[in-house]
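I opened the model today and kept notes as I went. Here is what I looked up, entry by entry.

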Amino acid sequence: MKDAFANARHFGERLPGLAKDFFHYSLIGYFFETKSINDAFIYTKYWAFIWGNIFKLVIRMLFKKGPIAVIRLFIQYPWILWFLNATKLLRRLTKGRKGAYLESTALVIHAIAVLLVEKLEEVIYQPERLLINEDLVPPEIAMAMGLNVWLVEGMGILLPFLNSEACLGFIDEAENAGMNPDSCSFVKSAVGMVIKNQQPRGCAMVSSNMPCDAGMASYTYIEKQFDVPTYRVDVPYHFHNERAEKLFVEDLKGMIAFLEKHTPGRMDWEKLREICEKRNRMMELELELWDMMRVSPAPLASEAIWLSHLFLFHWFPGNKVSIRHYERLVELAKKNLDAKIPAVENEKYRAVLWNPPFPQFPDIFNRMERAHGITLIMDSMSYNHHNLIDTSTPETMLTGLSKIIMDGPMVRHTRGPAENYLDDIFRCYKQFDLDMVWIANHVGCKGGQAMNGILREKCREMKIPLLILDYDLLDPRIVSHEGMMKQVDDFMETVMKPRQASPAAQ
Amino acid sequence: MNIFQELLESPQNELVEQAVSDGRIPIGYSCSFVPEAFLMTDKLFPVRLHAPGIAGTEIADIYLSNFICTYARSLLEFAIDDRFDLIQGWVFVPSCNHMQRLIDNLEYLQKPAFSHVLDVPRKVTEATIAWQAEELRMLAARLSDHFGVDMSDAALNKAIAEWNTFAEVIQSIGDLRKRAVPLITGTEFHKLIMASLASPKNLILPKVLDFRKEIEQRAAVGDFRARLMVVGSHLHDPDFIRVIESQGGLVVADLFCTGSIPGFTPIEIETKKNGDPIKTLAEHTFKKTLCPRMMEDFDRRLKTIIDTVKEYQVDGVVIEIIKFCDLWGVDSMPLVDALRKEGIPVLKLEREYSLGGEGQLRTRVQAFIESMGK
């Protein structure tokens with residue numbers, strides 16, 4: 001009773017703060033802040049679209065499955081409720097942004113909302129065709145086989161965007177089950193969700209040796225928990241040669257045979273051709289966007305580039321929403337470029353972010369734009385350099401896909417000699433005429449941490465300003481948001497300011 | 001026994017020095033996926049890289065960070081300190097992220113004259129065995145080019161036969177641990193294994209044979225409360241085993257990178273088919289190594305542990321994991337569950353590469369033995 005009273009009092013004390021927050025993140029809050037009717041219109045449009053998608057999911061389910069099933073779904077997957085924070089994320093990421101740049105950011109959140117609703121409906125209505133996939137095994141082949149792909153790690157990345165503490169319970173669960181606390185929180189989060197039985201179970205599972213030891217090893221545990229047939233693809237260490245390509249193509253063929261044996265999916269090469277062609281289209285559009293991003297000041301920046309690639313290329317390649325999304329981004333970039341409007345009004349520094357971005361603190365880029373004029377131009381997850389898929393024969397398609405997998409982010413950077421990691425950074429730096437390199441120094445990414453010594457010395461030689469930003473991918477308890485911001489502020493104060501004062505030092 | 005202890009006091013012991021002065025070529029390696037027999041061809045001999053008595057890894061920490069396992073950091077520190085100056089070639093396996101980055105940093109900082117990365121696949125199929133054989137062929141060609149050594153099939157077959165002779169001796173000593181009253185302690189056995197891995201086999205073999213004679217005369221090795229098996233990653237310091245045994249837990253079986261199960265299983269030579277020694281070595285490498293880096297090997301690893309527990313009458317299993325090792329750190333989660341389901345008591349210990357926190361280790365082991373009712 002005493003505790004209940006104390007809790008009620010505590011809640012009462014928090015109420016004014018909560019109300020203030022609610023107002024700030026509400027549509028009305030936005031209207032109070034924005035000075036442009038056009039921006040208000042853009043924001044309202046996407047705000048309504050996002051809510052519309054959430055309602056669409058619930059209403060369709062109510063009609064198709066009934067209210068009990070909806071309640072059951074929320075009990076089984078309580079994390080779905082975090083999606084109610086989607087417009088809060090919209091507010092956080094669009095703060096201070098205007099015009100086409102504002103729209104590009106809103107567009108990404110909207111695209112993710114639409115595609116996630118599509119994905120959840122696949123989980124709900126077609127569980128028998130659900131394939132559990134590791135995040136770095138591209139889904140094109142399974143999609144061509146008529147299977148629906150669920151990424152085990154998908155929610156681990158997405159939920160912290162919506163609430164930075166959303167994955168803490170899963171992380172703790174994995175650690176309590178005996179997983180080493182120093183392993184990657186991304187992996188711990190996926191394992192924790194499995195332990196809590198909050199991941200959909202498919203008819204089969206495909207994993208790989210990518211990108212790191214913890215990720216790879218976790219699938220032994222997940223396989224035991226799910227008790228489903230599992231196939232593992234194995235990317236060689238030295239993959240930039242024909243011999244490795246051949247081995248990996250054989251591996252992919254083994255995966256297809258496995259899926260035909262253990263799932264209702266059947267290989268449809270025509271469908272694969274269609275998906276690959278659409279993926280190629282996405283890539284062409286992305287390259288067009290990159291070309292425009294080379295202009296300084298950049299016409300778009302940040303989430304429009306990295307968040308789009310992260311979700312759409314990894315989970316929804318060839319999807320019509322993904323293509324439309326990139327078409328629209330190109331249009332918006334052109335619009336700004338033609339009108340000579342920079343995305344970031346006060347663009348002072350162009351940056352690349354290496355290693356996975358900050359899901360538990362995605363608004364850091366927005367804040368740094370406003371505080372220091374830092375514009376995020378490119379990131380390692382988006383930065384690829386491979387050819388379009390040759391769709392002339394099944395063999396060429398598999399070869400094309402195998403190259404994309406092996407050359408994918410977090411794959412080519414985590415295997416092969418150090419040059420695979422380092423040269424990309426310097427190539428990107430040059431290609432996009434950048435001013436600084438940010439390393440997202442995720443505490444659980446040991447392979448990345450062990451490259452910092454060499455990178456630091458190389459950057460010093462080449463006079464490239466380097467910020468190694470310590471943080472944890474999903475766990476803000478390791479380094480707080482304030483701690484992350486302080487690292488950037490200190491870097492700007494001690495490294496960039498003196499450089500600006502003395503150009504000769506550059 | 002002291003002879004083996006002395007051989008472990010330096011990363012390049014007197015037998016290595018003797019072999020080098022005889023014109024032989026030491027090749028350093030750090031992973032069990034490098035077939036030792038392969039590096040015993042012609043003038044070559046393998047030296048398992050270890051960093052005995054490492055006091056700190058200050059310089060290595062700058063490059064590898066504090067989050068990399070202390071084995072990788074210790075090797076880099078020793079390499080920077082020129083403690084491996086006799087080693088003329090390095091053969092690595094990207095066995096884990098830590099080893100991969102050790103290779104990167106070592107090559108960046110030391111620029112060794114001969115360094116080779118053996119790309120060992122992470123699953124075993126016909127295609128990957130063929131790949132592994134090809135990898136060995138490429139390594140053979142490079143060794144032959146660089147050092148002018150004979151890597152022909154005949155030379156390889158000879159090396160395999162030599163290695164088999166050695167492995168059989170080690171196995172015969174290891175088998176003594178199956179007895180109800182073992183004739184050798186785990187500490188002694190580990191010193192023997194580590195010294196063997198760090199020395200030219202032909203030079204240490206007479207000493208091993210003498211040692212076998214000596215222990216065969218023994219009646220027993222003393223009173224112990226429990227029979228234990230140690231499972232895990234790189235364990236180089238026999239003192240770790242000594243501390244466990246000081247609490248009454250006799251280590252009778254080992255399944256770790258530098259252990260004998262199944263590391264010293266002789267290589268099956270296909271004499272009838274006039275077999276390809278490289279392919280034989282490729283197949284053998286996968287059979288004799290039980291590491292969580294292999295993606296589809298959990299059940300075989302588990303079965304080997306369970307079978308060993310029965311065969312060596314083990315009372316409990318100690319899983320030792322070097323801090324920050326993700327492979328063992330994550331893999332131990334289902335492993336501990338599975339062993340407990342089989343009714344096998346398990347103690348999971350996190351440790352550093354060199355022995356530290358001896359008091360804590362004693363307490364944990366003591367409590368474990370007591371929890372088994374011994």
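The entries below go from the whole chain to single residues.

**Entry 1: Ground rules**

I am working with a predicted model, where local features need pLDDT of at least 70, side-chain atom pairs count only at pLDDT 80 or more, and totals for chains, interfaces and linings use all residues. Residues are numbered from 1 along each chain as its sequence is written, while chains are lettered from A and ligands numbered from 1 in the order in which they are written.

**Entry 2: Chain A as a whole**

I looked up the secondary structure of chain A and found 21 helices and eight strands. Helices (H or I, at least four residues) and strands (E, at least two) are DSSP runs, numbered from the N terminus.

Next I checked the overall dimensions. The C-alpha atoms of chain A fill a box of roughly 65 × 65 × 45 Å, taken along the principal axes. The radius of gyration of chain A is 23 Å, which agrees with the value near 23 Å for a compact globule of 506 residues. That radius is taken over C-alpha atoms, and the globule rule is 2.2 Å times the number of residues to the power 0.38.

I then asked how much of chain A is buried. Buried residues make up 50% of its 506 residues. The cut-offs use C-beta atoms placed from the backbone: 20 or more others within 10 Å is buried, 12 or fewer is exposed, and in between is partly exposed.

I also looked at contacts, which need C-beta atoms, placed from the backbone, within 7 Å. In chain A, 75% of the contacts with a separation of 6 or more join residues 24 or more positions apart.

**Entry 3: Two domains**

Chain A is divided into domain 1 (12-124) and domain 2 (269-506). These bounds come from an automatic or database domain assignment. The C-alpha centres of the two domains lie 26 Å apart.

I found 16 residues of domain 1 in contact with 22 residues of domain 2. On the domain 1 side, α5 (86-94) and α6 (99-125) each give two or more residues. The largest share, 12 residues, comes from α6(A). By class, that side has nine nonpolar, four polar and three charged residues. Here Ala, Val, Leu, Ile, Met, Phe, Trp, Tyr, Cys and Pro count as nonpolar, Asp, Glu, Lys and Arg as charged, and the others, Gly among them, as polar.

**Entry 4: Helix pairs**

Two packed helices are described by the angle between their axes and the distance between the axes. Axes are lines fitted to C-alpha atoms, for helices over the stretch in contact, and angles run from 0 to 180 degrees between N-to-C directions. Under 35 degrees counts as roughly parallel, over 145 as roughly antiparallel, 65 to 115 as roughly perpendicular, and the rest as oblique.

I followed α6(A) to α15(A) (residues 320-338): the axes are 10 Å apart, at an angle of about 175°. That makes the pair roughly antiparallel. Among the residues that meet are L107(A) in α6(A) and L329(A) in α15(A).

How do α9(A) and α10(A) cross? Their axes come within 7 Å and cross at roughly 85°. The two helices are therefore roughly perpendicular. Their contact has six nonpolar, four polar and three charged residues.

**Entry 5: Chain A meets chain B**

The contact takes 36 residues from chain A and 36 residues from chain B. On the chain A side, the largest share, eight residues, comes from α11(A). That side has 16 nonpolar, 12 polar and eight charged residues.

Most residues other than glycine have a negative phi, and most peptide bonds are trans. I looked for exceptions.

The peptide bond from M210(A) to P211(A) is cis, with omega near -15°. P211(A) sits in the loop between β3 (204-208) and α11 of chain A. In chain B, the bond from I261(B) to P262(B) is cis, with omega near -10°.

K340(A) has a positive phi, near 55°. K340(A) counts as exposed, because 9 C-beta neighbours lie inside 10 Å. N355(A) also has a positive phi, near 80°. N355(A) is buried, with 26 other C-beta atoms within 10 Å.

**Entry 6: One histidine in chain B**

Where is H236(B)? It lies in the loop between β5 (226-232) and α10 (238-246) of chain B. H236(B) counts as buried, with 25 C-beta neighbours inside 10 Å. Leaving out residues up to four places away in sequence, H236(B) touches H50(B), M194(B) and T258(B). The C-alpha atoms of H236(B) and S354(B) are separated by 8.0 Å, although the two are 118 residues apart along the chain.

How values were computed. Contact = placed C-beta atoms within 7 Å.
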